[in-house]
Amino acid sequence: MIILDVHNLSFSYPKSKLVFHHVNFSLKMGEIFTILGPNGVGKSTLLHCLTGLLSPQQGTIKVFGNEITALNGKTLAQQIAYVPQDYHINSNLTVIDYLLTGRAPYLSFFQTPKKKDFKMAEKYLQDFQLFQFRNHPFAALSGGQQQLITIIRALLQQPKLLILDEPMAALDLSRQYEILKLVKSLAHQEKITIILTTHLPDHALMLPTKIGLLDSNGILTVGSSDQLMTTERLTEVYQVPLTLTYVPALQRYTCQIKL
Ligand SMILES: Nc1ncnc2c1ncn2[C@@H]1O[C@H](COP(=O)(O)OP(=O)(O)OP(=O)(O)O)[C@@H](O)[C@H]1O
C-alpha cells in the first residue's frame with residue numbers, strides 16, 4: 001500500500017533559484033527512506049514540503065492517495081509527524097506538557113489531555129529512561145535530551161508517516177543505537193513509514209532502507225542501498241575522498257573519509 005507519492009516536485013524560495021527539481025518517489029507502508037546529501041542541498045526544504053509547511057512551485061504530494069493540500073490540519077497531524085532539525089522551543093513548558101501537545105490531533109478544541117494520554121507519554125519517558133525529567137522545563141534539558149523528547153512527542157501523534165530531520169545529530173552513540181533500533185522496529189513491527197535525513201552514511205548502511213541522494217544540482221536520485229551506497233556515488237555526491245569497506249564482523253559496509 002502506497003503511503004506517500006511524490007510526483008515531479010520542484011521548489012524554490014522567493015527570488016532564488018530552484019533548490020530541487022523533478023523529485024519523484026513513492027513509499028509503501030513500513031518502508032524506510034534515508035535522504036543523504038551535503039549541507040545546503042535542500043534536504044530540510046524537501047521535508048518541509050512533505051509536511052505541508054512549504055508549497056512547491058510544481059508537482060504533487062499525495063498522502064494515502066489524497067493531495068496534501070486537501071487535508072485539514074488535524075487529519076494531517078494524525079497521519080504525519082515531523083521532528084525538525086531545529087527542535088529548540090522558546091517556551092516554559094514542562095517536558096510532560098510539551099509531550100502532551102503531541103496528543104492534540106486526537107483532542108477537540110476545548111478538551112484537555114486525558115489519563116490515557118498522560119499514561120502514553122509517561123510510558124515513553126520510562127522506556128527512554130527520561131522519566132526523571134517529567135516535570136523539568138523542556139528548555140532546561142540538554143540538546144540530546146531535547147532531541148529525544150521531540151522524537152517522543154512525534155510518536156505520541158501515532159503517525160502513519162514519521163519524518164525525522166537529522167534525528168541523531170545531537171545523540172551519543174548509545175542513544176543513536178537506540179534510535180536506529182527504534183526506526184527499524186517502528187517500520188517492521190508497527191508498519192510506520194519513516195523518512196529520515198542524516199550526515200552519516202553509516203546510519204543508512206545500518207538500516208534496511210531505500211536511499212535518496214540529493215546532489216548540489218537539486219537532483220534526487222532514488223534507489224536501493226546496493227545501487228547507491230557505493231564509493232563512487234558517495235564520492236560524487238559529497239565531493240570528498242571516501243571509501244566504503246566491507247567489515248565481516250559487522251556484516252555490512254562502513255563509510256570512511258580518506259584523510
Ligand atoms: N527560509 C529560507 N529562505 C531562503 N532560502 C532558504 C531558506 N531556508 C533555507 N534556504 C536555502 O535553501 C537551501 C537548502 O537549505 P536546506 O536547509 O533545505 O538544506 P539542507 O540540505 O537541509 O542543509 P543541512 O544539511 O545543512 O541541514 C540552502 O541554500 C539555504 O540557504
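Two strands are said to pair if DSSP finds at least two bridges between them. With that term in place, I turn to the structure itself, which is a predicted model.

I begin with a pair of strands. Strand 4, residues 58-63, and strand 5 run antiparallel and are joined by two bridges. In one of the residue pairings, V63 has N66 of strand 5 as its bridge partner.

Four strands form an open sheet in the order 2-1-4-5, and the pairing is antiparallel. At the edges stand strand 2 (18-28) and strand 5 (66-67); each has a single partner strand, so one side of each lacks a neighbour in the sheet.

The secondary structure consists of nine helices and 12 strands. The radius of gyration is 19 Å, close to the 18 Å that the globule rule gives for 259 residues, so the protein is as compact as a globular protein of that length. Along the principal axes, the C-alpha atoms fill a box of roughly 55 × 45 × 35 Å. Of the 259 residues, 37% are buried. Among contacts between residues at least 6 apart in sequence, 65% join residues at least 24 apart.

Is A81 buried or exposed? A81 counts as buried, because it has 24 C-beta neighbours inside 10 Å, and the threshold for a buried residue is 20 or more. Beyond its neighbours within four places in sequence, A81 is in contact with A154, Q157, P159 and L162. F128, by comparison, is 47 residues from A81 along the chain, and their C-alpha atoms are separated by 19 Å.

Methods. Residues are numbered from 1 along each chain as its sequence is written. This is a predicted model: local features need pLDDT of at least 70, side-chain atom pairs count only at pLDDT 80 or more; totals for chains, interfaces and linings use all residues. The radius of gyration is taken over C-alpha atoms; the globule rule is 2.2 Å times the number of residues to the power 0.38. A residue is buried if 20 or more other C-beta atoms lie within 10 Å of its own, exposed if 12 or fewer, and partly exposed in between; C-beta atoms are placed from the backbone. Two residues are in contact if their C-beta atoms, placed from the backbone, lie within 7 Å.
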